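Biologist: I am new to this structure and would like to learn how to read it. Could we go through it together, starting at the surface?

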Amino acid sequence: MADSSTQSIVIAAPAERVAAVISDFASYPEWTEALKRVEVLEEYEDGYASQVRFTLDAGVLADEYTLAYEYAEDISRIEWSLVEPSKMQKSQSGSYDIDDNGDGTTTVTYTLSVELAVGMLGMFRRKAEKMIMDTALKQLKRRVEAG
């Protein structure tokens, strides 16, 4: 199994707004540069996505994969896992922990574990994970704070 990486960012918005942006998968291609297409395949009764297909094109890394999502009752945690292996990934699991700081800001902690189907030296894999997480959090912050 792959090692997991964790990174956090503080966003100047309430937790509800952050959770709403994270769970609005159809809008991801508008603000997430590497995602070319996102399709919600299944939803829970409450309207939250349960399975989402992503088409990723980040230059050297291109893939199409489906993630299954679960949500904490108060939407303070959103978790996912890879439904089945893809061209580039054997497994993927991750989560967003969304913590209200009580001052109008929210801390988002992103945890990601990916096992690639292609060989990659550990040093390069960790560097790629850090870049992916850093970019994802910065793009999320920009989208949420833009209103």
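Modeller: Let us start with charge: E16, D99, D100 and D103 gather in a patch of negative charge on the surface. Such patches are made of residues with over 30% relative accessible area and no salt bridge, with like charges joined within 9 Å. Asp and Glu count as negative, and the place of a charge is taken as CG of Asp or CD of Glu. Accessible areas come from the Shrake-Rupley method with a 1.4 Å probe.

Biologist: Where does D103 lie?

Modeller: D103 lies in the loop between β6 (89-100) and β7 (106-116). Strands here are DSSP runs of E with at least two residues, and helices are runs of H or I with at least four, numbered from the N terminus.

Biologist: Is D103 buried or exposed?

Modeller: Buried means under 20% relative accessible area, exposed over 50%, and partly exposed in between. D103 counts as exposed, at 54% relative accessibility.

Biologist: How is confidence read in this model?

Modeller: This is a predicted model, in which local features need pLDDT of at least 70 and side-chain atom pairs count only at pLDDT 80 or more, while totals for chains, interfaces and linings use all residues. Residues are numbered from 1 along each chain as its sequence is written, and side-chain values use heavy atoms, leaving out hydrogens and water. The predictor's confidence in each residue is its pLDDT, from 0 to 100. The chain averages 90, and 93% of the residues score at least 70.

Biologist: How many salt bridges does the structure hold?

Modeller: A salt bridge is a side-chain nitrogen of Lys or Arg within 4 Å of a carboxyl oxygen of Asp or Glu, and the structure holds 8. R77 pairs with E79, the closest N and O atoms being 2.9 Å apart. R77 also forms a salt bridge with D97, at 2.6 Å between the closest N and O atoms. D97 lies in strand β6 and R77 in strand β5, so this pair ties together parts 20 residues apart in sequence. Elsewhere, salt bridges that share partners join R37, E39, R53 and E64 into one network.

Note on methods: Patches are made of residues with over 30% relative accessible area and no salt bridge: like charges are joined within 9 Å, nonpolar side chains (Val, Leu, Ile, Met, Phe, Trp, Tyr) within 5 Å. Buried means under 20% relative accessible area, exposed over 50%, partly exposed in between (1.4 Å probe, protein chains only).
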